[in-house]
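Have a look at the sequence and the model first, then read on.

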Amino acid sequence: MYCKDTDRYMDECGVFGIFGTEEASVLTTLGLHSLQHRGQEGAGIVSFDGNNFHSVRKQGLVGDNFNNTNILSQLPGKTAIGHVRYSTTGESKPENLQPLFANLAIGGFACAHNGNLTNTYSIKKKLVESGSIFQTSSDTEIILQLVARSKKKKLIDKLIDALNQIKGAYSLVILTNKKLIGVRDPFGIRPLVIGKLKNSYVFASETCALDIIGAKYIRDVENGEIVYVENKKLISLKPFPLKKIRPCVFEYIYFSRPASILNGTCVYEYRKNLGAELAKETDLKADLIVPVPDSGVPAALGYAEQSKKKFEM
């Protein structure tokens, strides 16, 4: 989504989750560090110690808020999820920071969301008219409300029921009393990957978050797929009708870090190949090729190599 008031794109945000490992909040902090380029407005972590959920959300950078033992001591447990935020829907206020958490009838439910829902207004209007009370202006809270109000019995069924009512781009990492859940929308607009650190599964927006903690990249979450970890086992569900994949092109051009892997290929290679293709289509007369900004370096290199022109920083 483009915001004309700030003259910048505002679809970013990064999510991270890890299940069943010592110092989960420390590893989540490291993962968020590597995803900091996706959102500098604020960060948050929710952990679960087997009995209670713990939450810390702060405005500002990860390094300014989570790099101290006092904060991390407030986040005990072997499972945690985290979020770095740019405001997509909702104002830049502390209450809109994620992960959002609620105590539902089925237990604790924490959710971190990367994306932007397109039917927010209509759903929120119906929920408010039927008695729902909203604590934030973030579209992510709609997901919590729909899960809480679902008549289904099991958590996963409640989640599927809720997701069938929303439209738009979403990659979700969800933490409950027993599960770590990852979800990607049916069009695959926002990225989400699966990794493994020893016996622990990891979900993250990009593979660079796996690299920083030494986790192995397993695969991307497929479009329309729900994956969840329970009793250290990874389970996959595909409850939605198949859609034509519509990934966000800006992940390839700008958002993702060059070293991250998207659909099995390094982002750097995508950008370099895009530059080479541009040279094939529009080989302009020029003395040299200069990248602007830094994210344009791989594309400029590809353009220079294809057109056999001089490259300079």
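Ile226 sits across from Leu237 in E15. Ile226 falls within strand E14 (residues 226-230), which pairs with E15 in the antiparallel sense over 5 bridges; pairing here takes at least two DSSP bridges between two strands. Helices (H or I, at least four residues) and strands (E, at least two) are DSSP runs, numbered from the N terminus.

Bear in mind that this is a predicted model, where local features need pLDDT of at least 70, side-chain atom pairs count only at pLDDT 80 or more, and totals for chains, interfaces and linings use all residues. Residues are numbered from 1 along each chain as its sequence is written, and side-chain values use heavy atoms, with hydrogens and water left out.

Zooming out, E14 and E15 belong to an open sheet of 6 strands with antiparallel pairing, in the order E7-E8-E9-E10-E14-E15. Strand E7 (100-104) and strand E15 (233-237) are at the edges with a single partner strand each, so one side of each has no neighbour in the sheet. On average, neighbouring strands of this sheet are turned by 20 degrees against each other, direction ignored. Helix H5 (residues 140-149) packs on the sheet and touches E7, strand E8 (107-117) and strand E9 (168-176), contact meaning heavy atoms within 4.5 Å.

Now to strand E12 (residues 200-204), where 5 of 5 residues are buried, that is, under 20% relative accessible area with a 1.4 Å probe, protein chains only. Ser200, Val202 and Ala204 point one way, Tyr201 and Phe203 the other.

| Strand | Bridges to E12 | Sense |
|---|---|---|
| E3 (residues 14-19) | 3 bridges | antiparallel |
| E11 (residues 193-197) | 5 bridges | antiparallel |

Val202 faces Ile18 and is also the bridge partner of Gly195. The hairpin of E11 and E12 has 2 residues between the strands, and Lys198 there takes a positive phi near 55 degrees.

Last up is helix H9 (residues 267-281), with 15 residues and a reach of 21 Å from first C-alpha to last, close to the 21 Å expected (1.5 Å times one less than the number of residues). Its buried residues are Val267, Arg271, Lys272, Gly275, Ala276 and Ala279. Their cover includes helix H8 (249-255), strand E16 (261-262), strand E17 (265-266) and helix H10 (297-307). The contact between H9 and H10 involves, among others, Tyr268 and Leu278 of H9 and Pro298 and Tyr303 of H10.

Definitions and conventions: Buried means under 20% relative accessible area, exposed over 50%, partly exposed in between (1.4 Å probe, protein chains only). Axes are lines fitted to C-alpha atoms, for helices over the stretch in contact, and angles run from 0 to 180 degrees between N-to-C directions.
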